[in-house]
Structures are given as structure tokens and as C-alpha cells.
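The sequence and structure come first.

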Amino acid sequence: MFTSDSWQPSASIEALRHRARILQGIRAFFDERGVLEVNTPSLSRAATTDVHLDSYRVETDSGPRYLHTSPELPMKRLLAAGVGDCYQLCAVFRPSEQGRYHNPEFTLLEWYRTAYSIDDLIVETAALIRALLPLAPADNSALPADLPLVSVRYSDAFKARLGLCPLAATEHELQTLLHDNGLWSKEQGILPKDSALDLLFSQAVSRHFPERQLTAVTHYPASQAALAQLTPDDPATAQRSELYWGQVELANGFKELTDADEQRARFEADNRERKAKGLIEQPMDECFLQALKQGGMPDCSGIALGVDRLMMKLLDADQIQAVMAFDASRA
Amino acid sequence: MASFSTNEFKNGLKIMIDGDPYNIVENELVKPGKGQAFNRVKVRNLKTGKVVDKTYKSGEKVEAADVMDTEMDYLYTDGEFWNFMDPNTFEQVGASESAVADSKQWLKEQDSCIVTLWNGEPISVLPPNHVVLEVTQTDPGIRGDTAQGATKPATVETGATVQVPLFVDNGDLLKIDTRTGKYISRAKED
């Protein structure tokens with residue numbers, strides 16, 4: 001819906017100046033560390049098979065294409081081709097994600113480090129954020145002078161708040177927890193285990209992370225591994241970590257899966273789950289699977305960080321719209 | 001039956017929950033980077049005014065509530081129903097005591113109110129923000145006493161009791177804010 005002020009930016013010009021300075025700061029950080037900036041296509045023949053991510057479909061002269069939800073797969077093709085450490089700053093697209101912390105088009109910073117463990121990469125992410133603190137507006141009183149990094153295992157954080165081990169919990173126990181926390185009623189039916197964990201973790205666990213602290217949540221349940229390797233000595237968990245600043249989820253990283261067959265099996269499992277849920281099955285990225293098979297991906301860790309949310313924290317903005325030139329309602 | 005997807009959720013949207021009409025007062029998308037998306041909403045029960053939290057899986061469909069806010073003039077009460085008229089169509093509706101609830105103490109004949117209709121039936125009534133009511137009972141006024149802060153109770157024509165300055169007398173007309181139930185000033189005769 002257009003109104004008479006729809007042409008106006010959703011961010012102040014002052015916020016846009018800070019945004020530009022922070023983007024420069026990000027590039028300087030990686031330049032200093034010898035990480036190469038790359039650009040990969042936004043439009044692809046393949047779409048993410050992730051059950052909880054939709055892709056915009058675009059009709060072209062050469063058939064359907066999909067707007068990327070993250071540049072992950074083409075960047076991994078570059079890694080398989082030998083590009084080495086690399087980063088990308090780009091717009092990505094996730095349909096129907098709109099709210100205080102969401103805009104369907106947003107800026108993602110994604111980078112890969114060869115021979116890094118996921119813990120190494122989380123430490124580097126914290127270093128990046130700290131390097132950007134001096135670029136924040138001087139009048140942001142919410143900004144801490146330093147920003148300590150505290151790591152906690154997913155299951156420990158969950159247990160400490162809710163008294164239940166998320167790995168061992170049954171669907172029934174989770175249902176009771178959801179009900180006791182006023183998050184889901186029995187009349188609404190049974191939530192599948194991973195959905196129940198998502199709701200409990202986001203509403204009853206991460207809500208309590210300390211404000212002036214970076215919290216790294218490590219060792220996600222294997223059922224939520226996505227594209228991460230499982231932990232060798234603890235295969236019930238994955239080498240997947242998420243970084244929170246206060247209660248805001250900023251970044252998600254993996255010790256990257258490099259096994260082509262395992263990767264194909266996970267894509268196929270996604271599509272089976274999509275079909276069972278009545279969602280469309282998505283075309284898998286065959287070029288990526290080929291790259292894993294033929295090129296071979298180096299041992300590496302990768303992480304994706306929501307740049308607009310980082311801007312919100314640095315600029316002390318209440319809404320994601322306040323740090324982007326034009327939000328979806330003005331686009 | 002009309003319905004809304006959670007993607008259409010926004011403040012003010014009227015939806016049905018467990019057979020009652022609700023108004024969305026807050027909507028937040030909860031979407032982990034990887035994982036199931038939910039909408040956490042705060043909704044107000046339009047019959048009771050109670051606000052509760054509710055969670056939906058994103059993409060879920062929720063039945064729309066056929067609820068309309070209509071400007072109507074208050075006519076009279078027979079003790080069982082409070083009667084209102086649409087000044088455009090002259091259609092009349094009777095609101096029950098539970099629908100007028102606390103608003104009834106501010107209802108003065110001919111005042112224009114917002115009547116919320118659900119399937120054509122009144123479920124709540126909002127009086128004007130400001131009403132002018134006559135004092136029917138208060139202790140004798142102390143003329144000239146305009147000292148700040150000192151108050152006494154006064155009953156007005158609709159039966160409501162408000163705290164008023166000491167100089168207010170029986171028969172005075174008072175301007176009252178119905179949202180706070182507080183005295184604003186004395187009002188002049190029409």
C-alpha cells in the first residue's frame with residue numbers, strides 16, 4: 001500500500017552513513033586477514049531444499065531460476081575449485097519473513113576459513129564484531145565498551161533453563177514443557193520434536209542471554225545439523241554454532257560437511273520431508289554436489305551473519321527497517 | 001469462511017480463537033536461521049477484554065472474525081439492554097450488560113459511541129474519550145477553594161463516582177476523561 005510518504009527511506013540518512021562506514025569496516029577486517037571478497041550469482045537453477053526456507057521463483061527465457069537464500073553453495077564450489085579463504089557481502093531473499101528482525105530481502109555476510117574449527121570461526125566472528133564497535137555512533141549508550149564471548153552447549157543452555165535434556169527428551173515431555181511455558185496448547189496438536197525445540201529455545205532459553213555479551217551456542221542436536229558435520233566423539237550433536245549478541249541471533253556457522261554422498265542424502269531427506277508436508281520439492285544443486293565429488297571441498301568452517309541485525313545492535317535500532325534504505329513495504 | 005494466513009497478521013486484525021473473536025495487538029515473527037518459523041501474537045478477547053499470548057506455526061491459516069466497529073448514538077437502557085442507534089441507517093441494537101461492561105457508567109443519552117459488532121451483535125462499547133456529566137451528589141462546594149490537590153468524591157448523573165476539586169457543587173457540569181475516569185474541568189452550560 002502506497003501512502004504519500006512511501007518514497008521516503010525507512011532509515012535516517014544518519015543511519016545510512018553509519019551503515020556505509022560499518023560495511024567498509026567489515027571489508028577492511030577481511031582485507032587485513034587476507035580473506036578474498038567474491039561475488040556469486042543471486043539467481044540459480046537450484047533452490048535450497050531446507051524445509052523451513054522458501055525461495056522466490058523467477059521465470060526466465062531459459063526456464064525457472066531461484067533467488068538465493070544464502071550464497072553458501074556457489075561459495076563452496078569456489079572452495080572446491082581452490083579459491084581459499086573467501087567472504088561475500090550480498091543481498092539474499094527469504095519470502096514471507098517480515099517483522100521486527102526480518103525483511104524478505106536482507107544483507108548477509110558469509111565467509112569460509114580453511115582448516116578452521118567451528119570454535120576458531122566463532123572466535124573470529126567475535127573479533128569482527130569487536131572491531132566494528134568503534135564505528136558505531138558515539139551516542140549509542142546501549143553499546144558496551146567490550147563484548148565478552150561466552151560459549152555454551154545447546155543442551156546445557158536448554159537444561160539450565162528448562163531442566164530437561166533436549167537430546168534425550170521425548171515429544172511428550174517437550175509438549176508438557178511448551179504447555180507449562182504458555183507457548184503451545186494441547187488443542188493445537190503435537191509439534192514435531194525439532195519444531196518444539198525451536199520454539200522452546202527461542203522463547204524460553206535465548207530470551208535470557210545476557211544483554212552485553214556474545215553468546216555462542218555450540219553442539220546443536222544432530223537432527224538440526226543442516227550442512228554441518230556431526231561431532232566425532234559425540235554424534236548426537238553437530239559441529240554447528242550460533243552466535244547471539246544479547247538475545248538477538250546474529251550468525252550461524254558450521255564445520256562444513258564435505259562428503260558428497262552424505263550431502264546428497266541430506267538434500268534427498270529434505271525433499272522427502274517437504275513432500276510429506278505438502279511443500280514443493282526443490283531442484284537440488286547438482287553443480288555443488290559435483291564439486292564435492294570431483295573437486296573435493298577443503299576441510300573448512302563457514303558462517304553466515306545477518307548484517308542488518310548487526311547494524312541494529314551497533315546503531316541501537318529497534319526495528320530492522322531503521323537500518324535499511326527501503327524496507328519491503330517501500331521497495 | 002474467510003481466513004488469514006499468519007503472513008497477513010498485523011495489529012488490529014480480527015481473528016477467531018476457540019469460538020471467540022480476538023483482536024491482534026502485537027505480532028512477532030520468530031524464525032531461527034535454521035528451523036521452524038512461528039508467529040507469537042498478543043491477542044485481546046473482544047468479549048472480555050482479556051489479553052493472552054498465542055503461538056501459530058507460520059503459514060497456518062486462522063479463521064477471520066466478522067467484527068465491525070460502528071459509530072452509534074446511545075439511546076436508553078431498560079436495565080437489561082443498553083440501546084444504540086446507527087445515525088445513518090437508524091438501525092437499533094441492544095447491548096447486554098456484559099457487552100457494555102465498565103463503559104455503562106459513562107453512557108449519556110445521545111452521546112456517540114463505538115459499538116463493536118460481531119456477526120451483527122454488539123460485544124463491546126467504547127464511550128467518547130470525553131463526556132460532560134452533571135453532578136447529582138457531592139458535599140457542599142467550598143467557594144473560592146482552588147487549592148491544588150485536595151479532592152472529594154462526586155456522583156454524576158450516570159451513577160459514576162469521580163474525584164473532584166473541593167469547589168465543585170451539585171448541579172455543576174463536569175468534563176471527564178472516560179479512559180482514566182478522571183475529572184478534567186468544569187464544563188459550561190450548553
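In chain A, the residues A260(A), D261(A), Q263(A), R264(A) and F267(A) of helix α7(A) touch E286(A), F288(A), L289(A), L292(A) and K293(A) of helix α8(A), where contact means heavy atoms within 4.5 Å. Sorted by class, this contact of α7(A) with α8(A) holds five nonpolar, one polar and four charged residues. Ala, Val, Leu, Ile, Met, Phe, Trp, Tyr, Cys and Pro are counted as nonpolar, Asp, Glu, Lys and Arg as charged, and the others, Gly among them, as polar.

The model is predicted: local features need pLDDT of at least 70 and side-chain atom pairs count only at pLDDT 80 or more, while totals for chains, interfaces and linings use all residues. Residues are numbered from 1 along each chain as its sequence is written, chains are lettered from A and ligands numbered from 1 in the order in which they are written, and side-chain values use heavy atoms, with hydrogens and water left out.

**Helix packing in chain A**

Helix α7 of chain A covers residues 260–276 and packs against α8(A) at an angle of about 155 degrees, with the axes 8 Å apart. The pair α7(A) and α8(A) is therefore roughly antiparallel; angles under 35 degrees count as roughly parallel, over 145 as roughly antiparallel, 65 to 115 as roughly perpendicular and the rest as oblique. Axes are lines fitted to C-alpha atoms, for helices over the stretch in contact, and angles run from 0 to 180 degrees between N-to-C directions. Helices (H or I, at least four residues) and strands (E, at least two) are DSSP runs, numbered from the N terminus.

The table gives the axis values for each.

| Helix pair | Residues | Axis distance | Angle |
|---|---|---|---|
| α2(A) and α8(A) | 72–80 and 286–295 | within 9 Å | roughly 20 degrees |
| α1(A) and α9(A) | 13–32 and 307–315 | within 11 Å | roughly 115 degrees |

For the pair α1(A) and α9(A), the contact involves A15(A), H18(A), R19(A), I22(A) and L23(A) on α1(A), and V307(A), D308(A), M311(A), L314(A) and L315(A) on α9(A). Seven nonpolar, one polar and two charged residues make up the contact of α1(A) with α9(A). The crossing of α1(A) and α9(A) is right-handed: a crossing is left-handed if the near helix is turned anticlockwise from the far one by less than a right angle, and right-handed if clockwise.

The axes of α2(A) and α8(A) cross at roughly 20 degrees, so α2(A) is roughly parallel to α8(A). The crossing of α2(A) past α8(A) is left-handed. Here L73(A), K76(A), R77(A) and A80(A) of α2(A) meet C287(A), F288(A), A291(A) and G295(A) of α8(A). Five nonpolar, one polar and two charged residues form the contact of α2(A) with α8(A).

**Sheets of chain B**

Chain B has an open sheet of four strands in the order β2-β3-β4-β5, with antiparallel pairing; two strands pair if DSSP finds at least two bridges between them. Strands β2 (14–17) and β5 (51–57) of chain B are at the edges, and each pairs on one side only. On average, neighbouring strands of this sheet are turned by 45 degrees against each other, direction ignored. Antiparallel strands β3 (residues 20–30) and β4 (residues 38–45) of chain B are joined by eight bridges, and I24(B) has V43(B) in β4(B) as its bridge partner. Helix α6 (residues 193–205) of chain A lies across β3, β4 and β5 of chain B and runs at about 65 degrees to β4(B).

Another open sheet of chain B has five strands in the order β14-β13-β12-β15-β16, again with antiparallel pairing. At its edges are β14 (161–165) and β16 (182–187) of chain B, each with a single partner strand, so one side of each lacks a neighbour in the sheet. The twist from one strand to the next averages 55 degrees. Strand β15 (residues 173–177) of chain B runs antiparallel to β16(B) and is joined to it by five bridges. L174(B) is opposite R186(B) in β16(B).

**Overall dimensions**

Chain A contains nine helices and 14 strands. Its radius of gyration is 20 Å, close to the 20 Å that the globule rule gives for 331 residues, so chain A is as compact as a globular protein of that length. The radius of gyration is taken over C-alpha atoms, and the globule rule is 2.2 Å times the number of residues to the power 0.38. The C-alpha trace of chain A spans about 50 × 50 × 45 Å along its principal axes.

Chain B contains one helix and 16 strands. Its radius of gyration is 21 Å, whereas a compact globule of 190 residues would have one near 16 Å. The C-alpha trace of chain B spans about 70 × 40 × 25 Å along its principal axes.
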